Amino acid sequence: MAQEFVQLQTRGAKRYSKKKPKDFRVLLVYPNIQQSAMMPYSMGLFTSLLREKYFQVDLFDSTFYAEPLTDNYIHYRTFVKQFDWLDRDVHFRQSSMLEDFRAKVAEYQPDLIAVSVVENTYSVGRAMIRALPEKDRRIPTIWGGPFATFAPDFILRDHVGDYVCRGEGEIALIELCERMCEGRSVTDIPNLWVREDGQLYRNPLGPRVDLDHLPFADYSLFDEQAIYRPMEGKLWRTIGIESQRGCPFQCTYCNSPGQNRIANAEQGSKFYRRKSLDRTMAELDHQHKEHNIELVYWLADTFLALPTRAFDELVERYDDYRIPFWMNTRSETMTEHTADGLERMNMLRTSIGIEHGNPEYRRKMLKRFQTNDQLRKAFEICSGRSFSTTGNCIIGMPEETRELVFETVEFTRRLPDDIDTVGCFIFSPLHGTELRKIAEQNGYLDPDTFCDIADPDVSILDQPQLSRAEVIGIAKCYGLYQTAPESEWHRVREAEPDTLAGDAAFDQLVREYRPGDVGAAAASA
């Protein structure tokens, strides 16, 4: 696909004088959800790649600021295992995040600011760039991550940067820095949309990244306390290990299938692929020696989406580590054989997607083709194991009714007793997903709307058969619907409204039916 450009009425991008890499400064920016302590693989990877080419690199991480930009899923947290950050001496900054970011940019004076966002952190990153004084707003800024891939026009429309990276950024970021150092044009770099001199250059994707030739992630720029992540009621020294990228399945609420579609159209290949086991284990070994890992988070949408022989080899080689770990998978990948292997590996926790309790809705709207019996069987296989298991559900999706929501409630209530309280998430119509398109076509969603972290508990679909208030109320009380007897459901419904009376009823029911600190997936994530 040839490069495309359109005429724009806007200022041109900065012209660069030649610099040596050692004099070229890149500031990585991670607008994380407050108090969600997970060092992102992408930031560690970009640090390694930039340092390999001798560029200067620094980091601004918003994770540990006390000032809330969100209530951070306050109702979801009610039904999770409690933990205390002070157990590992984790403290939160009391200063202003935006003021500190302005000071960081003024002090470091980067030649390039690189911001990585998912959709619900975009508003935080945007606020940070907009908070800069005019002279620092002129610093070239590149945006990457899933939101940049599927909504580059949003970012360019907001005038918070002149470069947007679609797809993988490892090759594009380095090429951008090299060309800027050399004073060369950057308008034809694959994967980048570039605004310059009143024109917008839309470049197609270039070659896929070879996962086995990437360096190990370098997390040395992060605060030491950033390694701690809450899980199962305690804090763990946690590192993410990438074993595969993307997903082979076609779920309509997820944008991983969109990555495959873009890659197929522009690269003639699939985005989804697995890293070799040799390289995966080499990175695990390296990170364990560097960080004394207590918990591994396998960075894979569907960790068990691999052949039996490959899984068996992983189990054998993991005997040398047996570090507790957490992973996500699907019900059809969970068999007695894989569950036995996961126990041998010393898995701590797994999350299995349920998404919806009505098989017809699940098949037609979500492209998930398991029967309820097949779903239930996966949880029965996990029951009684040494690891804990949680199931994740979504409510407030297009065409859903209250009756359909409660088919999900009824399904999860019939799971084995030792399955953790099921996580309930309000549907987010992410860019790049089929369900978002359905919501837009049916008039449930303004196309200019994006999923914003400022309102994590809010349903943004406007549906006549299931109001926003009702979705939010059910999500608020989902843990109670799981644990309270049906004879008490009339009281639970009285707790749904966002009113003083509703909150008082909610607090009383939580005191009566809080499920012994078993954890919903929402807060441990």
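Because the model is predicted, local features need pLDDT of at least 70 and side-chain atom pairs count only at pLDDT 80 or more, while totals for chains, interfaces and linings use all residues.

**Stop 1: α11 and α12**

Select residues 308-318 (helix α11) and 336-345 (helix α12); their axes come within 9 Å and cross at roughly 20°. That makes α11 roughly parallel to α12 (angles under 35 degrees count as roughly parallel, over 145 as roughly antiparallel, 65 to 115 as roughly perpendicular and the rest as oblique). Helices here are DSSP runs of H or I with at least four residues, and strands are runs of E with at least two. The axes are lines fitted to C-alpha atoms over the stretch in contact, and angles run from 0 to 180 degrees between N-to-C directions.

Now show side chains. Among the residues of α11 that meet α12 are Phe311, Leu314 and Val315, and their partners in α12 include Leu342 and Met345 (contact means heavy atoms within 4.5 Å). The residues of this contact divide into 6 nonpolar, 4 polar and 3 charged.

**Stop 2: the cores**

Stay on Leu342. Leaving aside residues up to four places away in sequence, Leu342 touches Leu304, Phe311, Phe325, Met327, Met334, Met347 and Phe387. Leu342 and Met334 have the most contacts inside the largest nonpolar core, which has 103 residues. Such a core is a set of buried Ala, Val, Leu, Ile, Met, Phe, Trp, Tyr and Cys residues joined through side-chain atoms within 4.5 Å. A second, separate core has 29 residues, including Met97 and Val115.

**Stop 3: α3 and α4**

From Met97, select α3 (residues 97-108) and α4 (residues 122-130), whose axes come within 9 Å and cross at roughly 55°. That makes α3 oblique to α4. Met97, Leu98 and Phe101 in α3 meet Val124, Ala127, Met128 and Ile129 in α4. This contact has 7 nonpolar residues, no polar and no charged.

**Stop 4: two positive phi values**

Pick Glu355, in strand β15 (residues 349-355). Glu355 is not a glycine, yet its phi is positive, at about 70°. Is Glu355 buried or exposed? Glu355 is buried, with a relative accessible area of 7% (buried means under 20%, exposed over 50%, partly exposed in between, with a 1.4 Å probe and protein chains only).

Finish at Lys367, in the loop between α13 (359-366) and α14 (372-382). Lys367 also is not a glycine and has a positive phi, of about 55°. Lys367 counts as partly exposed, at 32% relative accessibility.

How values were computed
Residues numbered from 1 in each chain as written. Heavy atoms only, no water. Nonpolar A, V, L, I, M, F, W, Y, C, P; charged D, E, K, R; others polar.
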